[in-house]
Amino acid sequence: MNARVIFRLFLQSARLAGKRAVLTIAAIAWGTVAIVLLLAFGEGLRLQLDKNRRSMGENIAVIWPGETTKPWKGIPPGRSIRVTADDVPYIAERMPELSAVIGEVTSWRTNLTYGKKTVNGRVIGTNVVYGEVRKHYPKEGGRFLVPTDETERRRVVFLGDELAADVFGKEDPVGKTLLVNNNAFTVVGVMQKKIQMGMYGGPDAGHAVIPITTFKALFGRDRLNVFVIQVAKPEEMPAALKHLGEVLGPKLGFDPTDERVFGTWDTVKSSKTMGNMLIGIQIFLGIIGALTLLIGGVGVANIMYAVVKERTREIGVKMALGARASWISGPFVLEGLVYTLVGGMAGLALSILIVTALGFVPTAGNKALEFMGKPTLSLPIGIATAGILGAVGLLAGYFPARRAAAIDPATTLRYE
Amino acid sequence: MASLISAAAPPGTIIEMTGIRKVYDTGKVKVEALKGIDLSVSRGEFVAVVGPSGSGKSTLMNLLGCLDTPTEGVYRIGGETVAGLTRDRLADVRNRRVGFVFQAFNLLPQISAFENVEMPLVFGGVPVKRRRERAAEVLERVGLGDRMDHKPTELSGGQMQRVAIARALAMDPDIVLADEPTGNLDTTSGSDIMGIFLDLAAQGRTLVVITHDLALARRAGRIVEIRDGKIVRDVPAAEAA
């Protein structure tokens, strides 16, 4: 009964609000567009950064051998620790919880020659799983290193896409011969373009990868500059790093509890930090959007205050005729909600249109735009927007409605 | 016919005011608008309340109509004590027991005469079918059966006041309270409205009319005169000349 009376009164009073309603709805729609676009931008940024971050590899820790900081079996601290290519299978065997271990040996400023062109480049000698772990996916027509390349010490090379373009120009490098310090290598593949955020040594696009065995034969060394471990699930990383010390300590001669023997970049931990930062950015954008929407809400409330004032006598009459306070305030609350929801719907539709249109804007080639990603809508954005809209609508209706209900019919009806 | 039922009902006291005081507290100054009113109105009476402006007539009207509650004293309407009711209960009492007729008509301008009359029935929770019948019935009674779908702006002052009377009668209230009902009308329309009030009185409707209009007051059954918040005269109209 209550609801029906309120709805009936609402319909009667809403009839006249035409033009004002349109303006108010437009303000709310604008606020909605602002909040949705900001959140969509944040979401796009988050997705893109997440993708960028993962392009170096997922759930990995990069480890640089360093010096001991604790004494071990009578040996004083400060001893440099040597990890070689042979330690890689040793670790893999004793740490079955790891999904991969790879060792890397680096040769900086190596002459890479094709025809008349020579470029100074970085050459990495590494294990075959590197391709998967470090996401070196070959472009069509090529491949990454395969196990026989490593066991047979083949002279094959996989090129980063930018390095390949540097050396070969527009030619397809696959199958061609590249001289590495005047040793002939066959190019087996070129890496697919990827946007890389985290890196050590340099971007993957700028280096050449050869089998670690070939590297040793060619350069005469296999002392690892760095090695990488990968776990299946991010939460397994801390235990794995602790276990690593226990496995390597006795073999290489350092205290297993000596955490500073290795310089460790735990990407799981740093991605968590970045995730928090991105959530922070999202909240920040959301607040800006919500404030914009709030201004729309204030507009609604303002107009409804004016309506309440204008209809003071009418409200007084209704009260004299026996309308309860909630029958007076109900239609105002409903009106605020309807304006807000209609405006919200319009704004949402417009936002979807804009986001879709932005999706067609080409970003390829523009590094900044590529890095930021494209505005993306998601269910949580929809839910957050709907929630904020609902709250703004209720508040926008509630305060004017409260004033309306507080009108004293006795005083209202007295003045002419 | 609901009005015939109430007309046939045995006479009894509808309004009973005992020692009513009303003080308006405006912060620094306290204004005592009513200084002890005792008034009782029986069913079927036609009472005119007269007095100069500022005498407390409007305050009395607000209290009688349950738009306001007294500072002191007991007010019973139809046997129901008004003191201590919540705003919503007070609204219900107004809806069921009091029909208002204002000097300024106070019709809602954007809805039709019919919808205006229907409004108290909506508040009273009367089912749609019965509501429509009743609204049409009271509009017929004030002679506006052919103007139901007109908006107030399309009606003359006298017609508007007739709509207001129909609205006051819609819920078949215990009393009809009219505040200067002819104050905004020309002489012809005024006597027209007066005629309706006399008809209602003849049908046994309880009427309390606050008025300056001595012609109207004299035709009431009883005149109550207020001065300075007190009743100074309460006599049958015949003696009031």
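**Close-up 1. Surroundings of Tyr114(A).** Leaving aside its neighbours within four places in sequence, Tyr114(A) is in contact, meaning heavy atoms within 4.5 Å, with Val167(A), Phe168(A), Glu171(A), Lys176(A), Thr177(A) and Leu178(A). This is a predicted model, in which local features need pLDDT of at least 70 and side-chain atom pairs count only at pLDDT 80 or more, while totals for chains, interfaces and linings use all residues. Residues are numbered from 1 along each chain as its sequence is written, chains are lettered from A and ligands numbered from 1 in the order in which they are written, and side-chain values use heavy atoms, with hydrogens and water left out. Tyr114(A) belongs to strand β2 (residues 98-114) of chain A, where helices (H or I, at least four residues) and strands (E, at least two) are DSSP runs numbered from the N terminus. The side chains of Tyr114(A) and Glu171(A) make a polar contact at 2.7 Å; such a contact is a pair of N or O atoms within 3.5 Å, of which, within protein, one must be able to donate a hydrogen and the other to accept it, and residues adjacent in sequence count only if both atoms are side-chain atoms. Although Tyr114(A) and Pro173(A) are 59 residues apart in sequence, their C-alpha atoms are 9.5 Å apart in space.

**Close-up 2. Lys194(A) in a loop of chain A.** Lys194(A) lies in the loop that runs between β6 (183-190) and β7 (207-211) of chain A. A polar atom of the side chain of Lys194(A) is 3.0 Å from the backbone oxygen of Lys135(A). When neighbours within four places in sequence are left aside, the residues in contact with Lys194(A) are Ser55(A), Arg134(A), Lys135(A), His136(A) and Asp204(A).

Close-up 3. Arg46(A) and Glu43(A) form a salt bridge whose closest N and O atoms are 3.2 Å apart, a salt bridge being a side-chain nitrogen of Lys or Arg within 4 Å of a carboxyl oxygen of Asp or Glu. Both residues lie in helix α2 (residues 18-54) of chain A, 3 residues apart, which is about one turn of the helix. Over all chains, a search of the whole structure finds 37 salt bridges.

**Close-up 4. The interface of chain A and chain B.** Here 29 residues of chain A are in contact with 28 residues of chain B. The area buried between the two chains, that is, the accessible area (1.4 Å probe) that two parts lose on being put together, summed over both, is about 2,500 Å², and carbon and sulfur atoms give 55% of it. In chain A, the residues that lose the most area to chain B are Arg8(A), Leu321(A) and Arg324(A), together 24% of what that side buries. The rule finds 1 salt bridge across this interface, and Arg324(A) forms a salt bridge with Asp92(B), with the closest N and O atoms 2.6 Å apart. On the side of chain A that touches chain B, at least two residues each come from α1, α10, α11 and α14 (409-414), and α10(A) gives the most, with 6 residues.
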